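User: I would like to learn how to read the features of a protein model. Please take me through one.

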Amino acid sequence: MRIGIVVRAIAAIAALVCARSGAAAERAGPLVLAAASLQESMTAAADAWAKRGHPRPVISFAASSALARQAEAGARADLFVSADQQWMDALAAKRLIVPQSRATFLGNRLVIVAARGTTVRIPLGRAALARILAAGPLAMADTPVPAGRYGEAALRKLGVWDAVAAKVVRGDSVRAALTLVERGAAPLGIVYATDAKAAPTVRVAGVFPASSYPPITYPVTRLRASTHPDAEAFRRFLIGSEGRAIFHRFGFVDPR
């Protein structure tokens, strides 16, 4: 695990906790630890919740791996939304979640992005795929991060990982990998379809077959450390029809 990831996550969560404790004019909403790929959609969901007259949730975005480790370290958060089941399972194994509150409510797809204005298209044939991706650099999230593991699984399934691995450049979250493509540090990157939709400077150059990687699912849970009276209500809002509609608007799909 990179030390920098932990330091940034600790600092971010500490700042949010301080902001909550220092709120004088109005009570802050529940603290939500949310996967980086949910930035736009979860922000919109929090805004919609606040328009109902509730205190607006406070959201910390980072890689699911970094957020799970902060929950393990005792972060006083209320909800955790992961981009995979593995990190949720890790917290469940340590009895850090409320089991009956765990629900899988979103799905996503894996794509290859390139800078907008480029013309490269990614073929599905093994030889051509290996040739294009191995030209590198290829931006991907670190393997502790769900997007990094999904991407590596897809490349292995398609038989091109050995040809591509040496040209991979890593980001500490899926959004960091996206940024590498946006800034021209890598011509191609593997991200979620929702990340591509959120970034006007990139375009989808290829779509991985759904059969090439494990289902991308997003579970949400209430953490045992939660003390906020709105935490469960906001969780129910997220997994309800109104909440799901917000996420669908940003390109998320129902879990498969």
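Analyst: Accessible areas come from the Shrake-Rupley method with a 1.4 Å probe, and for residues only the protein chains shown count as cover. Here the chain has an accessible surface of about 11000 Å², and carbon and sulfur atoms hold 56% of that. The model is predicted, so local features need pLDDT of at least 70 and side-chain atom pairs pLDDT 80 or more, while totals for chains, interfaces and linings use all residues. Residues are numbered from 1 along each chain as its sequence is written, and side-chain values use heavy atoms, without hydrogens or water.

User: How many helices and strands does the chain have?

Analyst: Helices (H or I, at least four residues) and strands (E, at least two) are DSSP runs, numbered from the N terminus. This chain has 11 helices and 10 strands.

User: What is the order of the strands in the open sheet?

Analyst: Strands of a sheet pair through backbone hydrogen bonds, either parallel or antiparallel. Two strands pair if DSSP finds at least two bridges between them. In this open sheet of 5 strands the order is S2-S1-S3-S10-S4, with mixed pairing. Strands S2 (58-62) and S4 (103-108) are at the edges; each has a single partner strand, so one side of each lacks a neighbour in the sheet.

User: In which sense do S1 and S2 pair?

Analyst: Strand S1 (residues 31-35) pairs with S2 in the parallel sense, over 5 bridges. Val 32 stands opposite Ile 59 in S2.

User: What share of the residues is buried?

Analyst: Buried means under 20% relative accessible area, exposed over 50%, and partly exposed in between (1.4 Å probe, protein chains only). Of the 256 residues of the chain, 53% are buried.
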